[in-house]
Amino acid sequence: MTDRGFLAQLKGYGLTTAEIHFFRLDAPSLLQLFVWQDYDLAPDFPVLFGFLDHWRREIEAPLHSVRIAHDKLVRPTEWRAAHPILPLP
């Protein structure tokens, strides 16, 4: 069994977190916060924008702002030479 998130990272996806600030219709003076997290492709963020499109169509809560954080968790490692344990001839 392979983790869906790991497979997404191998395809270039990174972990994306969005802070979604919105107003509720029953309390329009209060600013609410919803945190969303999934694997997505920067800088286009098709998964996040698909979710935000769904939000605008289906949820009766006007958006105020969205703050995005993104990091690729799988990336090339740093390579550096190590000193040999035994002296070379």
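Which helix of the protein has the lowest confidence, and which the highest? Colour the model by pLDDT to see. This is a predicted model. Confidence is lowest in helix α1, residues 4-10, with a mean of 82. It is highest in helix α2, residues 46-58, at 96. Across the protein the average pLDDT is 84. Of the residues, 80% score at least 70.

**The overall layout**

Switch to cartoon. Count 2 helices and 3 strands. Trace the chain along the sequence, and the pattern reads α-β-β-α-β. Now show the contacts. Take those between residues at least 6 apart in sequence: 59% of them join residues at least 24 apart.

The accessible area of the protein comes to about 7300 Å². Carbon and sulfur atoms account for 59% of that area. Of the 89 residues, 22% are buried.

**The nonpolar core**

Hide the surface. Select A18, I20, F22, W36, F45, L48, F51, L52, W55 and A61. These 10 residues form the largest nonpolar core. Strand β1 (14-24) and helix α2 each supply at least two of the core residues. Helix α2 gives the most, with 4 residues.

Centre on W55. Which residues does W55 contact, leaving aside neighbours within four places in sequence? They are I20, F22, F34, A61 and L63. Of these, I20, F22 and A61 are also listed in the core, as is W55 itself.

**The loop between β2 and α2**

F45 sits in the loop between β2 and α2. At 11% relative accessibility, F45 counts as buried, because the cut-off for buried is under 20%. Check the backbone here too. F45 has a positive phi of about 50°, although it is not a glycine.

Look at the peptide bond that joins A42 and P43. The bond is cis, with omega at about 0°.

Go on to L41, in the loop between β2 and α2. Is L41 buried, partly exposed or exposed? L41 is partly exposed, with a relative accessible area of 28%. Show what surrounds this residue. Not counting residues up to four places away in sequence, L41 touches K11, G12, Y13 and P46. Then draw a distance from L41 to D71. Their C-alpha atoms are separated by 9.8 Å, while the two residues are 30 apart along the chain.

**The salt bridges**

Clear the selection and display charged side chains. Side chains of opposite charge can pair when their charged atoms come close. How many salt bridges does the structure hold? There are 4.

Begin with D38 and R4. Their side chains meet in a salt bridge, at 3.2 Å from N to O. D38 lies in strand β2 (residues 27-40) and R4 in helix α1, so this pair ties together parts that are 34 residues apart in sequence. R4 counts as exposed, at 55% relative accessibility.

Move to R67 and E19. This pair forms a salt bridge too, with the closest N and O atoms 2.8 Å apart. Why does the pair tie together parts that are 48 residues apart in sequence? It does so because R67 lies in strand β3 (residues 63-71) and E19 in strand β1. R67 is exposed, at 55% relative accessibility. E19 is partly exposed, with a relative accessible area of 24%.

Now select D26 and R24. Their side chains meet in a salt bridge of 2.5 Å, N to O. D26 counts as exposed, at 58% relative accessibility. R24 is partly exposed, with a relative accessible area of 36%.

**Last stop: a nonpolar patch**

Return to the surface view and select F6, L7 and L10. Together they form a nonpolar patch on the surface, with about 280 Å² of accessible area. Pick out L10, which is placed in helix α1. Is L10 buried or exposed? L10 is exposed, with a relative accessible area of 54%.

Conventions. Residues are numbered from 1 along each chain as its sequence is written. Side-chain values use heavy atoms; hydrogens and water are left out. pLDDT is the predictor's confidence in each residue, from 0 to 100. Buried means under 20% relative accessible area, exposed over 50%, partly exposed in between (1.4 Å probe, protein chains only). Contact means heavy atoms within 4.5 Å. Accessible areas come from the Shrake-Rupley method with a 1.4 Å probe; for residues, only the protein chains shown count as cover. A nonpolar core is a set of buried Ala, Val, Leu, Ile, Met, Phe, Trp, Tyr and Cys residues joined through side-chain atoms within 4.5 Å. Patches are made of residues with over 30% relative accessible area and no salt bridge: like charges are joined within 9 Å, nonpolar side chains (Val, Leu, Ile, Met, Phe, Trp, Tyr) within 5 Å.
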